[in-house]
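Colleague: Before I rely on the labels attached to this model, I would like to go through some of them and hear how each was reached. Could you set every value against its cut-off?

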Amino acid sequence: MSQQGYVATPPYSQSQPGIGFSPPHYGHYGDPSHAASLPGMIKPAGPLGTTAPGVMLPPGPPPPGPHQFGQNGVHASGHPPQRFPGPPPVNSVAPSYAPYEPSTQSSYSSLASTSSITQLGHQLSAMQVNSYGSGMAPPSQGPPGLLSATSFQSPPQPQQPSVLQPGSQVLPPPTTTLNGPGASPLSPPALRQDGLPGPAPVNAQYQPPPLPGQTLGTGYPPQQANYGPQVVGTQLSYPGGFPGDPAQMAGPPQPQKKVDLDSVPGPIQVIENDRATRGGQVYATNTRGQIPPLVTTDCVIQDQGNASPRYIRCTTYCFPCTSDMAKQAQIPLAAVIKPFATIPSNETPLYLVNHGENGPVRCNRCKAYMCPFMQFIEGGRRYQCGFCNCVNDVPPFYFQHLDHMGRRLDHYEKPELSLGSYEYVATLDYCRNNKPPNPPAFIFMIDVSYSNIKNGLVKLICEELKTMLEKLPKEEQEETSAIRVGFITYNKVLHFFNVKSNLAQPQMMVVTDVGEVFVPLLDGFLVNCQESQSVIHNLLDQIPEMFADSNENETVFAPIIQAGMEALKAADCPGKLFIFHSSLPTAEAPGKLKNRDDKKLVNTDKEKILFQPQTNVYESLAKDCVAHGCSVTLFLFPSQYVDVASLGLVPQLTGGTLYKYNNFQMHLDSQQFLNDLRNDIEKKIGFDAIMRVRTSTGFRATDFFGGVFMNNTTDVEMAAIDCDKAVTVEFKHDDKLSEDSGALIQCAVLYTTIGGQRRLRIHNLGLNCSSQLADLYKSCETDALINFFAKSAFKAVLHQPLKVIREILVNQTAHMLACYRKNCASPSAASQLILPDSMKVLPVYMNCLLKNCVLLSRPEISTDERAYQRQLVLTMGVADSQLFFYPQLLPIHTLDVKSTMLPAAVRCSESRLSEEGIFLLANGLNMFLWLGVSSPPELIQGIFNVPSFTHINADMTVLPEVGSPYSQQLRMIMSVIQQKRPYSMKLTIVKQREQPEMVFRQFLVEDKGLYGGSSYMDFLCCVHKEICQLLN
Ligand SMILES: [Zn+2]
């Protein structure tokens, strides 16, 4: 538990940036031509380059020419040649610094009060509304100063302000609140077609949501009496909803027409536009504040001084200069950091810098690490820190002359001077107790209670472990893995196994005192896999038989984690526990749980209790685990309520992963589970990690969301962090930011590698600052915004009523858009809804978030499922949260079997389905293959090898290998979709008008939800109404 001075060592001292003198001007900042002119550099096609989409530049080897530093240790011993005896001594110009002052709590938190909205309403009442250009051109292609925005109104009457007169319906703000069940009638916004490619549909006039019985869109038969239209038109079940019932809608009577989704902006168009303009290109990170391609766009990223967007994405790449501006816009300022993100093989892996015993060069004051933001002065003898402005002496071993531009001669030979991301070898100062760490260990802990034995799970796990243990992760240069392994089985007692290599048979030791678990053996518990292979195999063969006759139903849970942690502690190494568990731990022991799943709490102020752990045992256990570098990954196989909110807490706080397989059935679910297990064992991971996010003066990190543990306000502790985990960091102002120096972020992660090396991983990112609101809006990234909103909302469900959280989300969405309209858009009729170009899809994504089962207070949804999804989202990176909230829906019936491209996705709406169609839907957790009743027989034959729709047996989770081109192509598409995702997606075959279709339909997120949740159209109306209220 005690860290014995570990945290207080130099790497993470408490120094904070203060308010110093202004930094020197960074001459090369923001000049894209700078890097392009470097010898040997690939000229970046850039974000707006001319390289045609689809053209891939050669895979990125380490940049040739000047970039000669070695990779992963090659440069290790190479200190720069030292031609001068070293810089003159110490601080003659040490500036005096203002003491660090924590900012007062900003009121522009995500928990915006309604009063601030009212205030804005007052402010906005006298506003001048402006007009603006078309939203089609990417922002930077527009004429300078021209704002890119999207607005909507009915295409046939582009000059008419609206279909429904603003004064008559929209503007008199209803007195009801968003959540009020009896909110008054609402008019839809008028919509304009510009910004949306594709022919304007005939009669594309905006229509209110359809009446019951009305058809949604084209190609879908109206006879689906149990479908969309009814749901859309019926009683609002969305708890945070608003009246969308078109029958109540005021305004001139209109002919009934189909709702045309094309008249409102959709994610697919935005995704496709970005792919078309930026896909397949090289994106060089040489410019401060540039907006990266969307997460859905494939491109090659080249580090030229800022961290790749694979590591860091921001809600906006231009911060407002003042906190007043930030409060005005209410756009969250946040970075989503995935420090161990997987880098594709055609991009350069991180370089490793080794300064030997000297260790990394750091600012004396704020402890920031040497990086491209440090400015060398006085002939190279000193440098000014870009974060706190402190002038530091260059240590003698690090001295180098400057060239005529004031840049060090070795600038391009040192990763830490020219790259956004790199690693340092850490010295002993950075290690626990100043000792090099031991390599980590994996401990496998199998629940051998009756149900797990009976359904074959124990046998499956044991069989699979034999092969998986040969694939333990290892350092690239090593032949074998340094990871040691251990085994425990348990029900209401614990069984430890001695698998020492010289034993003929494994030995079992039973610990029955689960009240205070101890580790009965040290020698022989954690072993090298190769050395002990035969004993381990012997053990794995025996375990299923050993407990075959057991009738034990009760299990413990906390003592298992305690035992694993004690074993790692005794072995003095970090590690990971793999726990395979099935039931509510009801046996008498610490952490014992009772079934407290009370659906009566749903939709009350006490609903939050369902998300809180039942006992505080798990939180203190998690704290101990983090203190000892023990990460817990939990595979759950529940057949009923198991209290995920309690069981999942330790995995969440220790950087582990929670996997859940409801009602596990061997023949259907084993493939998904085994894929997850394999992937989890092999994935890249760092142990015993501390992350620190430093910022330049004027702002700082104030809140952290993710699988993290915080002992203080600045150090993010993680027992482990793997390639799929992201931490979202929120920033607040504590002073003014300057347009010249921008806003700089440095994320440093100190961790232990799988080989037992202590390292620092550094990511640097420079953002712009502006005193123009328009710049702020132009630089937003909606995918990152939704990641932030989801995490902050899901964190808040522990403490606040869900109704309040939903209100806050809707209010803040409206507020952001209203502020844009007031300050950045050109005049337009009040009935027009105006969205900034960068936020075109904010409403549709926000609605998806609001409809997620975590925020949807409905008793029909399993409490465990809600707790599970809440936990998953908290650690997601931007790409995963984007897919999770807006699933990918691909038409399969139009498949070109000769093409290697994925078919173009369609919007997640029933109106996009057709009886003759086959569609694949994926959200990162689930995959569905939906088959229309009139699907082409040749496709059905090709995919399932049966003659017709009725012959398809939907009871399968893996498609048969038919050998036809359709079959091969479809399975290839599925594996491509699966490839980059952290969770194995279970495939469900859905036949139109058969039972599982109800489940599938929940993922058509633009439609009204089965269990409530507005349609996108309804939500747009709701947001528009809010905006109008704010503007009045
Ligand atoms: Zn500094």
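Predicted model: local features only at pLDDT ≥ 70, side-chain atom pairs only at ≥ 80, totals over all residues.

Colleague: Where does Asn603 lie, and what makes it count as partly exposed?

Modeller: Asn603 belongs to the loop between strand 17 and helix 12 (617–627), where helices are DSSP runs of H or I with at least four residues and strands are E runs of at least two, numbered from the N terminus. A residue is buried under 20% relative accessible area, exposed over 50% and partly exposed in between, with a 1.4 Å probe and protein chains only. Asn603 has 46% relative accessibility, and therefore counts as partly exposed. Its phi is positive, about 65°, although Asn603 is not a glycine.

Colleague: What makes Thr950 exposed?

Modeller: Thr950 has a relative accessible area of 63%, and is therefore classed as exposed. The residue is found in the loop between helix 22 and helix 23, and its C-alpha atom is separated by 9.0 Å from that of Lys991, 41 residues apart along the chain.

Colleague: How do you know that the buried residues of helix 22 lie on the same side?

Modeller: In helix 22 (residues 937–944), the buried residues are Leu939, Ile940, Gly942, Ile943 and Phe944. They cover an arc of only 165° around the axis, so they are on the same side of helix 22, the arc being that of the directions from the helix axis to the C-beta atoms. What they pack against is strand 29 (918–922), strand 30 (926–931), helix 23 (965–979) and strand 31 (986–991), with contact meaning heavy atoms within 4.5 Å. Just after helix 22, Asn945 takes a positive phi of about 60°.

Colleague: Why is Cys462 called buried, and how many disulfides are found in the whole structure?

Modeller: Cys462 counts as buried because its relative accessibility is 0%, and Cys529, at 7%, is buried too. A search of the whole structure finds 0 disulfides, a disulfide being a pair of cysteine sulfur atoms within 2.5 Å. Cys462 is placed in helix 9 and, not counting residues up to four places away in sequence, touches Ile446, Leu540, Ile543 and Pro544. Cys462 and Leu540 are 78 residues apart in sequence and 5.0 Å apart in space, C-alpha to C-alpha.

Colleague: At what angle do the axes of helix 9 and helix 15 cross?

Modeller: The axes of helix 9 (residues 457–468) and helix 15 (residues 666–682) come within 11 Å and cross at roughly 35°; axes are lines fitted to C-alpha atoms, for helices over the stretch in contact, and angles run from 0 to 180 degrees between N-to-C directions. Helix 9 contributes Leu457, Leu460, Ile461, Glu464, Leu465 and Met468 to the contact, and helix 15 contributes Met666, Ser670, Phe673, Leu674, Leu677, Arg678 and Ile681.

Colleague: What makes Pro320 buried, and what does Pro320 touch?

Modeller: With a relative accessible area of 0%, Pro320 is therefore buried. Pro320 is in strand 5 (residues 318–320), and, not counting residues up to four places away in sequence, it touches Met325, Ala326, Leu333, His733, Leu737, Ser770 and Leu776.

Colleague: And what part of the chain is buried?

Modeller: Buried residues make up 62% of the 1032 residues in the chain, whose secondary structure comes to 25 helices and 31 strands.

Definitions and conventions. Residues numbered from 1 in each chain as written. Heavy atoms only, no water.
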